[in-house]
Amino acid sequence: MHEITDRYTTLADVVDRAILPALGEHHADYDAEAIARETFTWKIDTDGEGNELLATGGFEQTVHDAEFWAVVEKHDRTA
């Protein structure tokens, strides 16, 4: 899985660049978009005054490895 600080512009980027590579050659056995929705959240940074820094927005992984693989198991289409 990618570093937890990686950010992706779209949910499709999350699926293509983080989820599918993690699932490997059996990725078709899983609902990759559902996994992405449960394991990544839209985040945006703020400055010291609380103003949103719009250029920093992106999807960021919000779970660690064990949690990630539990979500993957939950979305196994072959189970």
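Two strands pair if DSSP finds at least two bridges between them. Helices (H or I, at least four residues) and strands (E, at least two) are DSSP runs, numbered from the N terminus. This model is predicted: local features need pLDDT of at least 70, side-chain atom pairs count only at pLDDT 80 or more, and totals for chains, interfaces and linings use all residues. Residues are numbered from 1 along each chain as its sequence is written, and side-chain values use heavy atoms, without hydrogens and water.

**View A. The open sheet has three strands, in the order β1-β3-β2.** Pairing is antiparallel. Four bridges link β2 to β3 (residues 58–61). T41 faces E60 of β3.

**View B. Helix α2 (residues 32–39) lies across β2 and β3.** Contact means heavy atoms within 4.5 Å. The helix runs at about 55° to β2. Axes are lines fitted to C-alpha atoms, for helices over the stretch in contact; angles run from 0 to 180 degrees between N-to-C directions.

**View C. Helix α1 (residues 11–23) meets helix α3 (residues 65–74).** Their axes come within 12 Å and cross at roughly 75°. The two are therefore roughly perpendicular (65 to 115 degrees). I19, A22 and L23 of α1 touch F68, W69 and V72 of α3. Six of these contact residues are nonpolar, none polar and none charged. Ala, Val, Leu, Ile, Met, Phe, Trp, Tyr, Cys and Pro count as nonpolar; Asp, Glu, Lys and Arg as charged; the others, Gly among them, as polar.

**View D. The axes of α1 and α2 come within 9 Å.** They cross at roughly 105°, so the helices are roughly perpendicular. The α1 side comprises L11, V14, V15, I19, L20 and L23. From α2 come A32, E33, I35, A36, R37 and T39. By class, the contact has nine nonpolar, one polar and two charged residues.

Conventions: Parallel < 35°, antiparallel > 145°, perpendicular 65-115°, else oblique.
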